[in-house]
Amino acid sequence: MANDLNDLLEEDGEVCQYFLTLPPKVQDDLTMRAEEIRSVDDLKQYVHLLMG
């Protein structure tokens, strides 16, 4: 498991590509919560919360 969002993005190219398709505001908000995001599921949950 990744330690944070940055590790997750470095470890998985598909996750990185997905992240880059998100609106810049969502990317910024996720980056602010990087330490809380350690898995793809964490990432998807935050995206769902941020995008409604």
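Leucine 20 counts as exposed, at 57% relative accessibility. The model is a predicted one. Its largest nonpolar core has 14 residues, and the structure holds one salt bridge.

Leucine 20
- Leucine 20 sits in helix H2, which covers residues 13-21.
- Because exposed means over 50% relative accessible area, leucine 20 falls in that class with its 57%.
- From C-alpha to C-alpha, leucine 20 lies 10.0 Å from leucine 9, and the two are 11 residues apart in sequence.

- In soluble globular proteins, nonpolar side chains tend to be buried together.
- In this model the largest nonpolar core comprises 14 residues, and those with the most contacts inside it are Leu5, Leu8, Phe19, Leu22, Leu30, Ile37 and Leu43.
- At least two residues of this core come from each of helices H1 (5-11), H2, H3 and H4 (40-51).
- Phenylalanine 19, when its neighbours within four places in sequence are left aside, is in contact with Leu5, Leu9, Gln27, Leu30 and Thr31.

Salt bridge
- The salt bridge joins the side chains of lysine 25 and aspartate 29, with an N to O distance of 3.0 Å.
- Both residues belong to helix H3 (residues 24-32), where lysine 25 and aspartate 29 are four residues apart, about one turn of the helix.
- The two partners fall into separate accessibility classes: aspartate 29 is buried at 17% relative accessibility, whereas lysine 25 is exposed at 56%.
- Aspartate 29 is classed as buried because its 17% is under the 20% limit.

Methods:
Residues are numbered from 1 along each chain as its sequence is written. This is a predicted model: local features need pLDDT of at least 70, side-chain atom pairs count only at pLDDT 80 or more; totals for chains, interfaces and linings use all residues. Side-chain values use heavy atoms; hydrogens and water are left out. A salt bridge is a side-chain nitrogen of Lys or Arg within 4 Å of a carboxyl oxygen of Asp or Glu. Buried means under 20% relative accessible area, exposed over 50%, partly exposed in between (1.4 Å probe, protein chains only). A nonpolar core is a set of buried Ala, Val, Leu, Ile, Met, Phe, Trp, Tyr and Cys residues joined through side-chain atoms within 4.5 Å. Contact means heavy atoms within 4.5 Å.
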